[in-house]
Amino acid sequence: MIYSQINIIRKISKAFVFVFLLFQLIACKPEIPITGISLSSSTVSMSVGESIVISATVSPENADNNKVKWSSDSPSVASVSGGKIVANSSGVAIITASSSNGEIEAICIVKVFSKVIDISFQDLPNSIMKGDTYQLRISLSPSDANPSVTYTSSNSSIAIVDASGNVKALESGSVNITVTTVDGTKSATCSLNIEAPHVWPTGVSLNRSSLELKEGESFQLTATVYPSDATNKEVRWKSENTNVATVDNNGKVTGVKAGSTIVQVFTAEGGKSATTGVTVKAKTSS
């Protein structure tokens, strides 16, 4: 009986010693501190009344105390709680995430702008030449409104526009460019006319250099203006001797009576010309 009680006491004593040693081991384990903090955003732009959430990541991952404290150096501009930032008034605020002991921290710079009341285009051109690039100018009200905007083109085959408002004219025609505030609440649209550069004729040719007709017979001459992309391809026709042969406004030559003459074609711009020699034979009696 006494021996059994002694064995029980020994077992209890051993268990107590084990628990005590385990507690000492845990109590003496060195704390793993936070060595770094990174934020999901280092700078943000907001409009008054907006809110966003940024996250903080601590390193190492197994830090014993991985909680961070959030603070703002200007709560009247932007306040923060648990990573949620609320824009209160225009200005700049620095949001700080720090370790519990304050030794490690990371910051996010917050720029707060007033809400856009109005947006419009300024000093629009009458037209833009094909191949040129034009920088659009916009006006925002109030003056401290968020300047972040997006641009879109109604027809990217005529003109494209980049994020800075630079319009690249690709083809002649009309296109609408729309600018929209970053929050999507305000927008403005302008219409731009894209014109092809004026290309002057460098020459003209005829499909025949000489022509023989009988009296009363007709032949259609065809004029080709160079270059192929000349702006104005209009031509004028003239016969040096209308008693021998005439030519209409479309280049149709008609023999009048036997003889020779020259039919000329002139470009309406630049005065380029080409000629066809015309010989008219008298009708033979049947």
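Predicted model: local features only at pLDDT ≥ 70, side-chain atom pairs only at ≥ 80, totals over all residues.

Reply: Ile52 stands opposite Ile85, a residue of β7. The two strands concerned, β3 and β7 (residues 84-87), run antiparallel and are joined by 3 bridges. They belong to an open sheet of 3 strands, ordered β3-β7-β6 and paired in antiparallel fashion. At its edges stand β3 (51-53) and β6 (78-81), each of which pairs on one side only. Averaged over the sheet and with direction ignored, neighbouring strands are turned by 20° against each other. As background, the strands of a sheet pair through backbone hydrogen bonds, and this pairing can be parallel or antiparallel.

The largest nonpolar core has 21 residues, and Leu39, Ile85 and Val110 are the ones that touch the most other members. Two or more residues of this core come from each of β1, β2 (43-47), β6, β7, β8 (91-99) and β9 (105-113), with β9 giving the most, namely 4 residues. Leu39 is in contact with Ile54, Ser55, Ala56, Trp70, Ala97, Ala106, Ile107 and Cys108, once its neighbours within four places in sequence are left aside.

Some backbone details deserve attention in the loops. Ser59 and Pro60 are joined by a cis peptide bond with omega at about 0°, and Pro60 itself is placed in the loop between β4 (56-59) and β5 (68-72). Pro60 is also a contact partner of Pro33, as is Ala63, when neighbours of Pro33 within four places in sequence are set aside. Pro33 is found in the loop between α1 (2-27) and β1 (36-39), and its relative accessible area of 47% makes it partly exposed. Between Pro33 and Asn66 the C-alpha to C-alpha distance is 8.3 Å, although they are 33 residues apart in sequence. Another cis peptide bond, again with omega near 0°, runs from Ser141 to Pro142, where Pro142 lies in the loop between β13 (137-141) and β14 (149-153).

Since Arg137 lies in strand β13 and Asp123 in the loop between β10 and β11, the pair ties together parts that are 14 residues apart in sequence. Arg137, at 46% relative accessibility, counts as partly exposed.

Another is formed by Glu171 and Lys130, whose closest N and O atoms are 3.4 Å apart. This pair links distant parts of the chain, 41 residues apart, with Glu171 in the loop between β16 (166-169) and β17 and Lys130 in the loop between β11 and β12 (133-135). Glu171 is partly exposed with a relative accessible area of 40%, and Lys130 also counts as partly exposed, at 34% relative accessibility. In a further salt bridge the side chains of Arg236 and Glu234 meet, at 2.6 Å from N to O. Arg236 has a relative accessible area of 43% and is partly exposed, while Glu234, at 42% relative accessibility, falls in the partly exposed class as well.

Not counting residues up to four places away in sequence, Thr181 touches Val116, Ile119, Ser148, Val149 and Lys186.

Key
Residues numbered from 1 in each chain as written. Heavy atoms only, no water. Pairing = 2+ DSSP bridges. Axes fitted to C-alpha atoms, helices over the stretch in contact; angles between N-to-C directions. Buried < 20%, exposed > 50% of the residue type's maximum accessible area, 1.4 Å probe, protein only. Contact = heavy atoms within 4.5 Å. Core = buried A, V, L, I, M, F, W, Y, C linked by side-chain atoms within 4.5 Å. Salt bridge = Lys/Arg side-chain N within 4 Å of Asp/Glu carboxyl O.
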